[in-house]
Amino acid sequence: MADQPEENQVWGGLKIIGAGFGRTGTLSTKVALEELGFGPCYHMTELFHKPGAEEQWEAVVRGEPVDWHTIFAGYQATVDWPACAYYKELMRVYPDAKVLLTVRDPERWYESVRTTIYYGSQSRIAESSHARMVNDLVWQGTFNGKVEDKDYAIAVFNQHIEEVKQYVSPA
């Protein structure tokens with residue numbers, strides 16, 4: 001891996017790694033972390049206004065080598081997709097960072113995902129690189145193309161929560 005860019009050295013790298021899936025209060029968590037001094041916080045919304053971010057994440061999804069320090073240059077925290085899918089890799093790159101797992105009632109989480117980000121992204125896949133990246137990473141990569149199967153999607157959600165709890169040592 002390349003050395004940290006100058007900008008990231010000033011910020012010191014990620015201090016918080018959000019491992020919770022989107023629609024578990026991640027936008028509120030982003031705002032709270034920034035208010036507490038852990039800002040800026042990287043969230044899926046960053047992809048809408050950060051030039052080159054989609055291309056970086058497309059490379060991550062394809063399994064190409066990436067420089068995590070470049071992706072998170074200037075950020076102190078990250079929550080939501082796409083980063084939550086790579087919390088293990090980020091823990092290796094930022095070993096002093098704390099891992100934050102946001103959770104939500106699985107039924108309510110599923111309904112929120114289905115009625116907001118899933119249907120919204122599905123209607124834009126053909127015309128938006130952002131929607132294609134979300135499809136490849138989240139709907140295909142995380143849920144194996146079965147997010148419309150409620151029981152399957154909830155099982156993946158619950159399995160992810162348990163995996164994080166097993167993988168991450170309590171603080």
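Where is the place of Lys30? Lys30 sits in helix α2, one of the DSSP runs numbered from the N terminus (H or I over at least four residues for helices, E over at least two for strands). This is a predicted model, in which local features need pLDDT of at least 70 and side-chain atom pairs count only at pLDDT 80 or more, while totals for chains, interfaces and linings use all residues. Residues are numbered from 1 along each chain as its sequence is written, and side-chain values use heavy atoms, with hydrogens and water left out.

Back to Lys30: its relative accessibility is 10%, so Lys30 counts as buried. Buried here means under 20% relative accessible area, exposed means over 50%, and partly exposed is anything in between (1.4 Å probe, protein chains only). Across the chain, 45% of the 171 residues count as buried. Lys30 and Gly18 are 12 residues apart in sequence, with 9.4 Å between them in space, C-alpha to C-alpha.

As for the overall layout, the chain has 8 helices and 4 strands. Going along the sequence, the pattern reads α-β-α-β-α-α-β-α-β-α-α-α. The 4 strands make up an open sheet with parallel pairing, in the order β2-β3-β1-β4; two strands pair if DSSP finds at least two bridges between them. At the edges are β2 (41-42) and β4 (98-100), each pairing on one side only. Strand β1 (residues 16-18) pairs with β4 in the parallel sense over 3 bridges, and Ile16 stands opposite Lys98 in β4.

Next comes the packing. A nonpolar core is taken as a set of buried Ala, Val, Leu, Ile, Met, Phe, Trp, Tyr and Cys residues joined through side-chain atoms within 4.5 Å. The largest such core has 41 residues, and Trp57, Trp68, Phe72, Tyr94 and Phe143 touch the most other members. Two or more residues of this core come from each of α3 (53-61), α4 (68-71), α5 (87-93), α6 (106-122), α7 (129-142) and α8 (150-167). Helix α8 gives the most, with 6 residues. Another core, of 5 residues, lies apart from this one and includes Leu33, Cys41, Ala77 and Val79. Cys41 has 0% relative accessibility and so counts as buried, and Cys84, at 0% relative accessibility, counts as buried too. As for disulfides (pairs of cysteine sulfur atoms within 2.5 Å), the structure holds 0.

Then there are the pockets. The search runs on a 1 Å grid over the protein atoms alone: a pocket is an open set of points where a 1.4 Å probe fits, with protein on both sides within 12 Å along at least five of seven lines, and lining residues have an atom within 4 Å of a point. Grid points are joined across faces, edges and corners, and a volume is the space filled by probe spheres set on the points. The largest pocket holds about 380 Å³ of space. Its lining has 21 residues, of which Arg23, His43, Met44, Asp80 and Ile117 lie nearest the centre. Helices α2 (26-35), α6 and α7 each give two or more residues to this lining, and α7 gives the most, with 5 residues. By type, the lining of the largest pocket has 9 nonpolar, 9 polar and 3 charged residues, where Ala, Val, Leu, Ile, Met, Phe, Trp, Tyr, Cys and Pro count as nonpolar, Asp, Glu, Lys and Arg as charged, and the others, Gly among them, as polar.

The second largest pocket has a volume of about 300 Å³. Among its 16 lining residues, Phe21, Ala85, Thr142, His160 and Glu163 lie nearest the centre. At least two lining residues come from each of α5, α7 and α8, and the lining of the second largest pocket divides into 8 nonpolar, 4 polar and 4 charged residues.

The loop between β3 (77-78) and α5 holds Pro82, and the peptide bond from Trp81 to Pro82 is cis, with omega near 5°. Asp80 is found in the loop between β3 and α5 and has a positive phi of about 80° although it is not a glycine. With a relative accessibility of 7%, Asp80 counts as buried. Another cis peptide bond runs from Gly39 to Pro40, with omega near 0°, and Pro40 is in the loop between α2 and β2. Asn144, in the loop between α7 and α8, has a positive phi near 50° without being a glycine. Its relative accessible area is 45%, so Asn144 is partly exposed.
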